[in-house]
Amino acid sequence: SSDRVLELELAMPGTPKAKENENATNPEQLFAAGYAACFDSALQLTAQKARLRMETEVAANVSLLKDEADGGYKLSVTLQVKGTGVEQRELEKLVHQAHTVCPYSKA
């Protein structure tokens, strides 16, 4: 990043560069980190609007898939959301609301 807070080696999986640097990240990992952070913020916002206080944890599992429609690629994302201090049913409601707020979900 321009402020050097985020400074990572980037390498595409299966390439010689990735084999040379096992600690390198890839675009899918960066997307997963951004999506999880953004969704967690959206979830906290929806909880705040509902006047609820809860602890949350969001993980994004991202896969790169072949897009048969155009021969290119597309992303598949599964979010795993954990919440403490809230009932399961209420958490599910908040997750659906957060999905309409989070810019990654909207994209």
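Me: In this predicted model, in a crossing of which handedness, left-handed or right-handed, does α2 pass α3?
Reply: The two elements concerned are helix α2, residues 27–49, and helix α3, residues 88–101, whose axes come within 8 Å and cross at roughly 115 degrees. As α2 passes α3, the crossing is right-handed.

Me: Which kind of aromatic pair do F31 and Y35 form?
Reply: F31 and Y35 both belong to helix α2, where they stand four residues apart and are therefore separated by about one helical turn. Their ring centres are 5.9 Å apart and their planes lie at 80 degrees. Because planes over 60 degrees apart count as edge-to-face, the pair of F31 and Y35 is edge-to-face.

Me: How are the rings of Y35 and Y104 arranged, stacked or edge-to-face?
Reply: The centres of these two rings are 5.3 Å apart, and their planes stand at 20 degrees. Since planes under 30 degrees apart count as stacked, the pair of Y35 and Y104 is stacked.

Me: How many residues apart in sequence are the parts that the pair of Y35 and Y104 ties together?
Reply: Y104, which is partly exposed at 30% relative accessibility, lies in helix α4, residues 103–106, whereas Y35 lies in helix α2. The pair therefore ties together parts whose separation in sequence is 69 residues.

Me: Which residues do ring pairs link into a cluster?
Reply: A search of the whole structure finds three aromatic pairs, and among them is the edge-to-face pair of F31 and Y35. Y35 is also stacked with Y104. Ring pairs link into a cluster the residues F31, Y35 and Y104.

Me: With which residues is M12 in contact, leaving aside its neighbours within four places in sequence?
Reply: M12 lies in the segment before α1 and is partly exposed, with a relative accessible area of 40%. Once the neighbours within four places in sequence are left aside, the contacts of M12 are with A18 and P27.

How values were computed: Residues numbered from 1 in each chain as written. Predicted model: local features only at pLDDT ≥ 70, side-chain atom pairs only at ≥ 80, totals over all residues. Heavy atoms only, no water. Axes fitted to C-alpha atoms, helices over the stretch in contact; angles between N-to-C directions. Left-handed = near helix turned anticlockwise from the far one by under 90°. Phe/Tyr/Trp six-rings, centres within 6.5 Å; stacked < 30°, edge-to-face > 60°. Buried < 20%, exposed > 50% of the residue type's maximum accessible area, 1.4 Å probe, protein only. Contact = heavy atoms within 4.5 Å.
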